[in-house]
Amino acid sequence: VTSKPESVWPRMWRGGMPALIDLPDSMVPDWSEGYVRTYLERDLRVAGGVSDLAEFRRFLALLASQTAQEINATHLGRELGMDRKTALRWASLAEAGFQWRELPAFSRNAAKRIAGRPKGHMADTGLACHLLRIQSAQGLEEHPLRGALFETWVVQQILRGFQDRANPPHASHFRTLAGAEVDLVLEEDGWVFPVEVKLTARPGPMDARGLKAFRETWPDHRIAPGLLICAVENPTWIRQDVLAVPWWSL
C-alpha cells in the first residue's frame with residue numbers, strides 16, 4: 001500500500017490527462033477548455049453526424065452530470081429536446097471519442113429482478129469537473145456530485161490498470177430492481193471480482209449490502225472476496241468476504 005496523500009479531491013479535479021502533470025492549478029481551466037474545443041472542432045467533425053457543436057457540448061455536460069448513473073436515453077434526450085435515438089447516437093459518439101464509457105449490466109443467467117441498463121462514466125473526472133463548472137478542488141469537495149465523481153474516478157483508475165493488456169477482464173456493473181448494486185464487476189478466467197465504491201472513511205456492513213446481494217444472487221459462481229474502495233486508513237475486513245481498501249492503494 002502506498003503512503004496516504006493529503007486528499008483525493010485535487011487528483012479528481014485535475015483528472016488524469018498527461019499534459020496537465022506539470023501545469024499549475026491556475027492553468028487547468030484554460031487547458032481543459034482548449035481540450036474540449038479541439039475535441040469538438042476537430043475530432044467530432046471527423047466522426048461526423050453532428051451539425052450543432054454547441055449543442056453537443058451541452059450534451060457532454062449533461063453526460064458529466066449523469067456520471068456513475070444508469071443511462072436512460074429517453075431522459076437524456078428530453079433534457080435537450082432531442083429524441084431517444086439521437087441521444088443514443090451522441091452517447092456512442094462520445095464513447096467512440098474516448099470521452100465517455102458505458103458498463104453493461106452484469107448478466108450470467110441472471111434472475112428476473114436484475115436491471116439491464118448500462119451505467120455511464122465520464123472518461124476523465126477533470127473533464128467532467130470542467131464541463132460542470134467546478135472551479136477548484138475545494139469546490140469539488142463541496143459539490144452534490146462528489147460521490148458520483150469519486151465512483152467514476154475509482155472505476156477509471158482500476159480500468160486504466162488493464163489498458164495495456166491484450167485481453168483485459170470484462171467489466172460490467174450490477175443492480176437489482178430493488179436497488180442493491182455493485183459499481184464494478186470484473187470477470188476473468190471463470191472468476192468474478194465485485195468492487196463497490198463508497199465515499200466514507202468508516203465503512204460498515206451496510207456499505208457492503210450490494211456485495212452481499214450479488215453473492216446471494218449467484219451462490220454457485222466463483223466469486224472472489226469483494227473489495228470496498230473507500231477512505232479507510234488501512235485495509236480492513238468488514239465482512240468475512242468483503243475487504244475495505246484505501247483509495248490511495250489503487
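Modeller: Start with the naming: helices (H or I, at least four residues) are DSSP runs, numbered from the N terminus. This is a predicted model, where local features need pLDDT of at least 70, side-chain atom pairs count only at pLDDT 80 or more, and totals for chains, interfaces and linings use all residues. Residues are numbered from 1 along each chain, and side-chain values use heavy atoms, leaving out hydrogens and water.

Colleague: Okay, which helices each supply at least two residues of the lining of the largest cavity?

Modeller: The general idea is that rolling a probe the size of a water molecule over the atoms shows where empty space is left. A cavity is a set of points on a 1 Å grid over the protein atoms alone where a 1.4 Å probe fits but cannot get out, and lining residues have an atom within 4 Å of a point. Here, helix 2 (28-47) and helix 6 (125-131) each supply at least two lining residues, with helix 2 giving the most, three. The lining includes Tyr 35, Gln 99 and Leu 131.

Colleague: And is Cys 129 buried or exposed?

Modeller: Buried means under 20% relative accessible area, exposed over 50%, and partly exposed in between (1.4 Å probe, protein chains only). Cys 129 has a relative accessible area of 1%, so this residue is buried. Cys 230 is buried too, at 0%.

Colleague: Where is Gly 48 placed?

Modeller: Gly 48 sits in the loop between helix 2 and helix 3 (53-65). Gly 48 counts as partly exposed because its relative accessibility is 25%.

Note on methods. On a 1 Å grid over the protein atoms alone, a cavity is a set of points where a 1.4 Å probe fits but cannot get out, and a pocket is an open set with protein on both sides within 12 Å along at least five of seven lines; lining residues have an atom within 4 Å of a point.
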